Amino acid sequence: MIFFKDNRAVQKFFHHPLVMPGLITLCFLYTCSIFAEFVAPYNYDNGNREISYQPPSKIHFIHNGKFSLQPFVYSYSFKFNSNYERIYIEDKSRPYSLSLFTKGDKVKLWHIIPIQRHLFGINDSSQKCRLYLFGADPVGRDLFSRIIYGSRVSLSVGLIGVFITSILGFLIGGISGYYGGKTDWLLMRFSECFMLVPSFFLMLALRSAFPIDISSTEVYLLIIVILSLIGWAGFARVIRGMVLSIGKRDFVTAAKALGATDLRIIIIHILPQTVSYAIVSITLSIPGYILGESMLSFIGLGIQDPQASWGNLLGVAMNVADIQYHPWILMPGVFILLSVMAFNFIGDGLRDALDPNR
Amino acid sequence: MRDELIRRLLVSIPQLLLISFVTFLFIDLAPGDILAKYRFDPRISKETIQQIEQKYHFDKPILVQYGHWLVRLAHFDLGYSFSREANVTAVIVERLFNTFILALFSIIITWLIAIPLGIYAAVRQYSWGDRIMTAISYLGMSLPGFFIALILMYVIYISKDMPIISLLPIGGMISANYESLGFFGKIGDRAAHMVLPVTVLTITALAGLQRISRGNMLEELRKQYIVTARAKGLPENRIIYGHALRNAINPLITLFGFEFSTLLSGAALLEIIINWPGLGSLMLSAVRSQDTFLVMGSMLMGGGMLILGNFVSDILLIIVDPRVRKG
């Protein structure tokens, strides 16, 4: 790869002030998402309707005036006020200490390895007291655990989607720019079709062909396909522009004279020249996929409940009254923001490092 | 340039038709249909349903159905919306206006704020003001519109005791007592309802535009003719506003069409969240109820608005930039 040989670019990239924060955030988020079953203290569908919208557990260090180094939480109980709203109060009689590698829900890591110990949690097998870092959702499930599980969908959609998009974009852009003429004209007019309608409308129309209640795996694949279909056109057009100018250079003529096939020239000789631009563009387009998925799931056309994604978790907040009383349901949005921002940081760093004009 | 514009408009017609055909096909693929609710309604006889089917050719193959839709389209008839029980054209025109108002106001406000901020940041590059704006713009570019909307709704909700914010409505386009208000009351009511959506759309677009205008301005300020102007002793204000700014704005105008597209998409989701009766929320409900003609109409209108946006930006560019006019 040209990218790694060029030491100056690598140095410039890491010295960019925003790159490190971006990389660290992403490493953290992706690690959590890969080991979701282990990191999340509860399984994604472990809920208790009795504790619907329990507020985030407060973490204490002082019990009955005595300080202990080990943090602990109290269990919560609720009663109804005069408006029949649940008021949660801490039951300060017994502290439940927080510790690492506690036994909790039996889950299978990556659907294969059965594990019972989780990264952290509280030792209470009855689960009467629960550690809800970000509070509970309407059916009393741990929002933190669900965010961790949801990151699997939200963070992978971007990577897979961008992969498909770039293959399509490289191929169509490459062919279009290399052959020029009628092929070029047709392909470009075709690609414009996808940019002709506002993308959200196109997303809805494409989604409409499939029933709402298909399984979550199918929805997941469908979302990726839809987002890639919408996304490739812009990328292909830029690649085409670059190929158009590269195709006139001497080394392409030389390759042609040596009898290389067109496809070989496009893939082996021309496209690698566009890589540095493509890396930047791809990185900066990942947030679009994360947002696209969360938009669809947010309005209920994407990932469906028990399964979690950041979008459908945030969907609960669609009801304004719910945000007012339970503001912690906005937390998934913070995660969307963090991941999008991290990709933007890295994309900017890449652009500054790879752009010879800067 | 004029020929080029006309050519582009003409090409967009078959493109729009292709997209409309794909949409038509996709809605037809989906299980169930819009007439299902009529079939289960005991008040509606089988004959009536058959009549409807015959009238709109639902009993024919998909290609024939699409052909008939095209013929009606040529007569400016977008068909009948079964879910709204009204003419599609009538439904859409009203919604289109609502969306257009939102988009228009937020575009104007965004440009009025973003460009001066961009110029300021470029002229005082690396000053504290520039740095703060850069930091904020990163946040602004990464904040999804629907999340901003939710946060703002929450903020309005919790600041009920504040003097002005408490007057802001959170959803919808008009209040329940709209009809009883006087003329100015009606205008005020509509304006108050627009504050939230326009703010959200402005925030989402602001950061990007500010960064681009800063970048363009910086690039212009580095060019030779600016050095010449300085050497001739022109006052700095004249250099910035008379020379650099005029050139820095041109690329922004081409962005206008693109801006319009993202704005329409963003507005669509926002409309759904805050119950704004616009094109986006119409599209969602049409898709949900498989109201083919309504979906098709909304798609066409969405596409039409985009084409119009691009067209307007092209014309603006011709007006502003003499190089484009001659080239």
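The model is predicted.

Chain A contains an open sheet of four strands. The strand order is β1-β2-β3-β4, and the pairing is antiparallel. Strands β1 (60–63) and β4 of chain A form the edges, since each pairs on one side only. Neighbouring strands are turned against each other by 65 degrees on average, direction ignored. In general, strands of a sheet pair through backbone hydrogen bonds, either parallel or antiparallel.

Strand β2(A) runs antiparallel to strand β3 (residues 86–109) of chain A, and nine bridges join the two. Within this pair, A:Ser77 stands opposite A:Ile89 of β3(A). The hairpin of β2(A) and β3(A) has five residues between the strands. One residue of that hairpin, A:Tyr84, takes a positive phi near 60 degrees.

The pairing continues from β3(A) to strand β4 (residues 113–122) of chain A. These two strands are antiparallel and share eight bridges. A:Leu100 faces A:Phe120 of β4(A) across the pair. A:Lys108 has A:Pro114 in β4(A) as its bridge partner. Three residues lie between the strands in the hairpin of β3(A) and β4(A). There, A:Trp110 has a positive phi near 50 degrees.

A:Ser68 belongs to strand β2 (residues 66–80) of chain A. A:Ser68 has 12 other C-beta atoms within 10 Å. The cut-off for an exposed residue is 12 or fewer, so A:Ser68 counts as exposed. Beyond its neighbours within four places in sequence, A:Ser68 is in contact with A:Phe61 and A:His63. A:Ser97 is 29 residues from A:Ser68 in sequence. In space, the C-alpha atoms of A:Ser68 and A:Ser97 are 9.9 Å apart.

The second residue, A:Phe101, is found in strand β3 of chain A. Most residues other than glycine have a negative phi. A:Phe101 is not a glycine, yet its phi is positive, about 50 degrees. A:Phe101 counts as exposed because it has 11 C-beta neighbours inside 10 Å.

The helices of chain A include a crossed pair. Helix α3 (residues 19–34) of chain A packs against helix α5 (residues 143–179) of chain A at an angle of about 110 degrees. Their axes are 8 Å apart. Angles of 65 to 115 degrees count as roughly perpendicular, and α3(A) and α5(A) are therefore roughly perpendicular to each other. The crossing of α3(A) past α5(A) is left-handed. On the α3(A) side, the contact involves A:Leu29, A:Tyr30, A:Cys32 and A:Ser33. On the α5(A) side, A:Ile148, A:Ser151, A:Arg152 and A:Leu155 take part. By class, this contact has five nonpolar, two polar and one charged residues.

Helix α9 (residues 250–257) of chain A is hardly covered. The count of buried residues among its eight residues is zero. A:Gly259 follows α9(A) and has a positive phi, near 90 degrees.

Chain B has 13 helices and two strands. Its C-alpha trace spans about 85 × 60 × 35 Å along the principal axes. Of its 327 residues, 36% count as buried. Contacts in chain B between residues at least 6 apart in sequence were also sorted by separation. Of these, 71% join residues at least 24 apart.

B:Asn275 lies in the loop between α10 and α11 of chain B. This residue is not a glycine, and its phi is positive, near 60 degrees. B:Asn275 has 12 other C-beta atoms within 10 Å and is therefore exposed.

The interface between the chains brings 44 residues of chain B into contact with 34 residues of chain A. Several helices of chain B each supply at least two residues to the side that touches chain A: α1 (2–29), α6 (128–142), α7 (145–158), α10 (236–274), α11 (279–288) and α12 (292–320). The largest share, ten residues, comes from α1(B). By class, the side of chain B that touches chain A has 33 nonpolar, eleven polar and no charged residues.

Terms used. Residues are numbered from 1 along each chain as its sequence is written. Chains are lettered from A and ligands numbered from 1 in the order in which they are written. This is a predicted model: local features need pLDDT of at least 70, side-chain atom pairs count only at pLDDT 80 or more; totals for chains, interfaces and linings use all residues. A residue is buried if 20 or more other C-beta atoms lie within 10 Å of its own, exposed if 12 or fewer, and partly exposed in between; C-beta atoms are placed from the backbone. Two residues are in contact if their C-beta atoms, placed from the backbone, lie within 7 Å. Axes are lines fitted to C-alpha atoms, for helices over the stretch in contact, and angles run from 0 to 180 degrees between N-to-C directions. Angles under 35 degrees count as roughly parallel, over 145 as roughly antiparallel, 65 to 115 as roughly perpendicular and the rest as oblique. A crossing is left-handed if the near helix is turned anticlockwise from the far one by less than a right angle, and right-handed if clockwise. Ala, Val, Leu, Ile, Met, Phe, Trp, Tyr, Cys and Pro count as nonpolar, Asp, Glu, Lys and Arg as charged, and the others, Gly among them, as polar. Two strands pair if DSSP finds at least two bridges between them.
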